Amino acid sequence: MTTPHPVATATEEPSRGSTPRTRELISALRARGLSDRSGEWFRPDMFPKDIADPAVPVIVRYANANRAMLRAMVAPENSRTTRTYEIQPGELIVGVIPMGSVGLGKVLPDHLTEEERRVAFFSSRDVESTFGHNCPDHERVLRGGLRAILDTCERRIAELSFERSYPLGPCQGLDKKLSFYQAVRTSCDAVVDHAAAFADLAERTAATTSDADQRAELREIARVCRKVPLEPAETLHEALQSVYFIHLALHAMGNFNSIGRLDQLIEPHLRRSLESGEIDRARAVELIECFLIKCAGRLNMTSAHLTRQDHLDFATGLGTNPVFLDQVASANNFLQNIVVGGLKRDGADATVEATYLILEACANAGLPTPTVNIRLHGGSPAALVEAAARALGRGGNGLPIVYNDDSIVPALAASKIALEDARDYVVDGCWEPILNGKCDWTFGMVNMLTVLECALNAGALLTNNPSTLRGSKRSFGTPAPERLIGFDDLRAAFTRHLGHFVDQVALGLYNFYAIDASVTPTPLLSALLGRCLDKGIDKTWGGADVNLGGIIATALPNAANSLAAIRHWVYGERKYTLPEVVAALKVDFKGHEAMLADFKAAPKFGNADPHVDDLVRWLLDELHAAVVRAETFADFVFLAEPSCPAERERVASLRALCGYDGPSMKARFGQHFDIQFTAGAGTFGQYAFMGGGVNASAEGRHCNAPLTPNCSPVPGTVKGGIGHLLSSAAGLGLNRFGAGLVFDVCLEAAPDNHGFIEKVLRGFVANGGNIMTVSIANHRLLKTIATLCDDVRNHQRPPEALDEYSGLSVRVGGWNAPFVTFTQAQQASYVARVLDSY
Amino acid sequence: MAHDNDRLLGDLSVRPLDFVDVSWNSGVDGPGRRVVVYLRGCPLDCPWCHSPHTRSFTPTLLFFSERCRLCGRCQAVCSAGVHRVEANAHLLDRSRCVACGACVRGCPVSAGASHRAGALRLTDERLPADALFRWLAPHLQLLGDLGGLTVSGGEPLAQAEAVAALLRRCRDAGVHTAVETSGIGSASAVESLLELVDCWLFGLRPLPVDHGAAGRVGRPDRVAATLRRLVEAPGRRRILIRLPLIPGHTDSPPTWARIAETMAGLGLRELQVLPFNPDAGHYHGALGQPFPLEGLTQDPRTVAEASAFFAARGLDVAVVSGAAVAALADTTPHLPILPPSKLEKESRA
């Protein structure tokens with residue numbers, strides 16, 4: 001019979017950019033991305049040395065560092081190498097974000113004193129600890145300009161100075177507020193000066209340009225840069241430039257923040273510009289492409305030169321733990337997210353013209369960053385779903401990422417978030433849903449396989465170290481494997497250990513606030529975050545309107561598959577005893593090959609198999625319950641203000657045990673302060689790295705092998721179509737997971753694919769999915785590239801052999817990046833996960 | 001693989017479906033996007049076959065050497081002595097194989113692996129129609145009106161009763177159905193499917209017997225009778241004639257003329273031309289057999305010529321193949337490439 005097999009589609013590079021201008025800019029960006037960019041990084045000697053003056057409050061020092069950074073960027077002598085004071089031919093949006101990324105680190109002016117540095121080491125904090133992971137209120141700047149913020153600062157400084165001259169009581173709080181407003185003023189002035197420097201550059205360039213059109217264009221750029229972000233934006237061009245300058249100023253300080261609901265932000269300006277006839281639709285798309293290209297300016301599109309760009313230190317913004325991340329995979333992670341579509345605050349659909357134009361520009365540019373995310377819901381217009389599908393099919397960059405409002409909005413609302421705010425959610429970091437321009441976000445992770453190890457082994461890891469009797473202890477003692485008589489005994493042990501690990505995260509997130517204020521205040525961001533500016537309280541002092549704390553489970557599908565194998569073979573078939581399984585896992589199945597084969601053949605998540613889906617559901621129920629319990633407990637420890645002395649003593653004692661010796665955080669930060677905990681499941685891009693140190697698991701996974709990406713089926717275990725995964729979602733109650741629960745799926749590239757992609761998007765929403773990333777990849781091509789990369793790693797081919805593939809981007813769990821820049825483990829995971837061959 | 005296809009052909013009214021594989025999102029096996037069930041067993045022995053692992057009516061062992069890690073587990077668990085693993089080679093004596101599957105279950109890279117990942121596989125999938133439908137349903141539901149289910153082969157007519165049961169479930173669930181056939185099968189098999197198939201994919205080409213090749217049971221009379229029955233049946237369904245362009249077999253104008261003539265005689269208009277699959281030898285390798293057409297390639301112009309030939313005779317021609325589509329785009333920009341949306345409208349009409 002003739003049954004044509006999947007045949008590789010062409011490997012041609014789709015043309016990028018909708019106009020000659022953006023095509024040119026993208027190819028220039030690509031050339032730069034393929035070169036050695038190590039020389040473009042700032043060097044410490046480019047910054048002034050006198051910022052870290054112990055006599056100056058830390059928030060003012062930080063603002064001074066911010067100003068120093070923005071000045072250093074436009075210093076011509078620095079720009080000869082950093083190239084941060086350049087306007088590329090044809091650019092419409094200007095300004096250059098200096099090199100820096102989650103994986104490669106940051107180079108910043110030093111605002112910390114020597115003694116702060118020595119102490120902060122104790123809690124893994126330092127200059128690079130700005131956390132990012134927020135979404136500033138860009139609309140505030142578009143509407144009122146930085147001028148409105150500066151006016152507020154002037155007024156408040158005058159008021160506070162007056163009050164301070166005639167103190168009616170202790171004035172310590174007044175001093176802090178004064179420092180805050182001074183710091184905000186310094187930061188905003190620095191941004192305005194930076195924009196003016198680009199206006200100067202554009203004018204100077206115009207003066208030496210012979211082409212009349214280009215001259216006019218440069219003069220327009222100069223006009224825009226003189227106006228925004230100081231003044232409110234009117235035209236689309238002004239709005240995009242204004243948002244970009246703020247984005248640049250935050251990212252320049254290593255504050256990797258997101259952009260938010262760009263379609264809602266620019267829609268009024270787009271409409272004004274279209275209606276005035278100043279631009280047409282095509283020009284609007286071109287402007288947006290120019291904006292995206294600027295955000296992507298820091299890309300490395302080859303892994304050949306990454307080591308020389310390693311500027312990551314131990315405290316680069318990942319909470320209170322020393323850095324634990326896959327640097328190679330994160331080399332192109334900038335945490336910059338754009339959100340389009342979704343619901344309005346009043347519950348109506350928010351789709352506007354700009355929504356479509358951004359999707360179109362994203363597909364045209366085909367860049368892996370910034371991450372464009374689309375919010376869909378049951379009432380999304382059919383045309384929008386179709387546009388998203390077409391963008392995914394055409395872009396080749398795995399964008400947009402898809403969010404289901406029907407799951408995420410109820411989940412956030414259930415975490416005590418006002419419904420209007422929940423409907424207005426945005427995305428930060430890798431994929432975390434947060435609130436728009438008014439919340440701070442921190443998170444912690446719990447590895448479900450570690451929990452399972454403890455459950456199987458009386459609270460110890462399954463390490464095979466002769467110095468430990470059982471393995472290294474990580475949790476409470478629970479019954480030894482020989483005493484876990486029924487499957488429910490194992491489940492009970494699991495629940496107990498899960499509670500232990502979730503508690504640690506919840507307490508740790510409160511602790512984060514106890515130390516953050518002392519090291520990395522963020523005045524510019526705080527000025528754009530909820531009521532921080534009104535209150536004069538930095539967000540690191542607990543000033544944000546809402547503080548979200550995400551508790552995110554990794555390896556949840558791995559744990560479900562492992563439990564399914566144990567339930568079937570130990571408690572069902574009784575072919576193996578639990579102690580035998582524990583012994584086999586400790587030696588990574590060596591000498592237990594038959595068991596390994598049996599376990600691999602057990603039911604696996606992603607195949608619509610009720611024999612494992614019920615365990616996924618159970619794990620999710622347990623996770624959700626553990627987060628609710630942990631929230632109650634952590635709130636009590638850090639927020640309680642008991643009046644009775646014995647109770648006060650009890651709470652003080654608990655706080656001391658957590659390493660916090662202060663009053664209730666409500667007394668410290670204000671009565672509004674309360675971390676709202678949300679639960680989620682995912683790994684960001686760290687699944688390969690996080691698998692290191694995790695022992696063998698009963699699903700048939702070997703010791704140190706990668707975890708499954710995010711909350712996706714384990715690569716290589718899916719026998720059904722994507723319809724199977726989506727139908728499984730319907731029974732999981734994913735509308736409880738406000739911190740996000742992510743499926744990464746990879747579909748085989750095919751001609752006329754958008755119809756199918758559209759079905760996948762609709763199926764995702766209809767089945768109550770939460771977040772889904774969709775990479776479109778040619779399985780055969782990925783394999784070919786992975787093999788080529790191996791050759792390059794083994795020095796059998798020059799790195800340039802990969803250049804022609806540098807345009808292919810896929811999802812890394814937390815962001816999108818060129819496939820050729822991955823590690824071998826990441827590439828192997830990808831090759832194994834393509835679904836639904838054409 | 002000693003088996004008597006003629007005998008099996010007469011006795012296939014067993015309830016479960018024997019199949020080899022499922023493809024979840026095919027764009028080349030019928031209108032729109034299809035879930036495709038590849039049945040096991042085909043009475044033909046076409047030398048160009050690119051799914052030779054579906055020929056046998058009994059389970060067959062497939063071995064993908066590039067995925068073997070030479071661990072020797074298969075040798076240890078195989079009581080028939082099929083496997084011999086040496087320092088740098090894994091040798092198979094397939095004549096000893098009793099298709100028990102012990103080696104597949106014992107292989108650390110094959111047990112539980114999806115079909116892409118394992119080194120060893122047995123073509124022994126077997127499910128009753130109801131169970132198979134339940135297994136396919138989540139994805140069929142997702143596809144909805146974008147496509148449907150295609151039963152391919154092997155030869156569906158050889159398992160007509162079981163196929164009918166599966167298609168009946170599809171009809172009840174509103175799933176569009178297609179059957180891909182060579183037309184070789186009993187008249188009663190054809191009758192049992194007539195009302196259940198929305199679209200026939202009919203492989204019309206010179207059978208090996210016409211060429212005097214080493215074919216088994218190419219019966220042109222049977223093919224013609226089946227096709228005539230499909231055309232003349234009351235409530236006639238859509239019929240897509242499919243022609244693989246095989247170098248040296250079906251890629252010349254005399255063959256094309258016969259196809260065009262047959263189609264004209266029956267009033268059939270829709271023809272799908274399938275360019276030679278450059279990877280057609282893949283499963284021959286997994287079966288440990290030489291591929292009779294090894295090393296052959298096809299000039300994309302041949303595909304264009306064939307299309308032009310048929311188009312000139314008033315037929316609606318479409319080229320169906322991912323790679324060929326891309327390759328053809330350069331040489332013949334105006335060749336119609338059937339968009340799924342167009343197929344969809346017609347099939348629903």
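**Chain B, then chain A**

Modeller: In chain B, residues 24 or more positions apart account for 69% of the contacts with a separation of 6 or more, where contact means heavy atoms within 4.5 Å.

Colleague: Before we go on, what kind of model is this?
Modeller: This is a predicted model, in which local features need pLDDT of at least 70 and side-chain atom pairs count only at pLDDT 80 or more, while totals for chains, interfaces and linings use all residues. Residues are numbered from 1 along each chain as its sequence is written, chains are lettered from A and ligands numbered from 1 in the order in which they are written, and side-chain values use heavy atoms, with hydrogens and water left out.

Colleague: Thanks! How many helices and strands are in chain B?
Modeller: Chain B has 13 helices and 13 strands. Those are DSSP runs numbered from the N terminus, with helices being H or I of at least four residues and strands E of at least two.

Colleague: And what share of chain B is buried?
Modeller: Of the 349 residues in chain B, 58% are buried. Buried is under 20% relative accessible area, exposed is over 50%, and partly exposed is in between, using a 1.4 Å probe and protein chains only.

Colleague: Where does B:His53 lie?
Modeller: You'll find B:His53 in the loop between strand E2 (33–39) and strand E3 (61–63) of chain B. B:His53 has a relative accessible area of 4%, so it is buried.

Colleague: Which residues is B:His53 in contact with, leaving aside neighbours within four places in sequence?
Modeller: They are B:Val20, B:Leu62, B:Thr123, B:Tyr283 and B:Leu287.

Colleague: Switching to chain A: at what angle do helix H2 and helix H8 pack?
Modeller: Helix H2 (residues 58–73) and helix H8 (residues 236–252) of chain A pack at about 110 degrees, with their axes 9 Å apart. The axes are lines fitted to C-alpha atoms, for helices over the stretch in contact, and angles run from 0 to 180 degrees between N-to-C directions. H2(A) is therefore roughly perpendicular to H8(A), a label for 65 to 115 degrees; under 35 is roughly parallel, over 145 roughly antiparallel and the rest oblique.

Colleague: Which residues meet there?
Modeller: From H2(A), A:Asn66, A:Met69, A:Leu70 and A:Met73 meet A:Leu248, A:Ala249 and A:Ala252 of H8(A).

Colleague: What about helix H22 and helix H23 of chain A, at what angle do they pack?
Modeller: Helix H22 (residues 610–639) and helix H23 (residues 645–658) of chain A pack at about 105 degrees, axes 8 Å apart. So H22(A) is roughly perpendicular to H23(A) as well. Among the residues meeting there are A:Phe636 and A:Phe638 in H22(A) and A:Val651 and A:Leu654 in H23(A).

Colleague: Last one: where is A:Asn778, and is it buried or exposed?
Modeller: A:Asn778 is in the loop between strand E11 (771–777) and helix H28 (779–793) of chain A, and at 7% relative accessibility A:Asn778 counts as buried.
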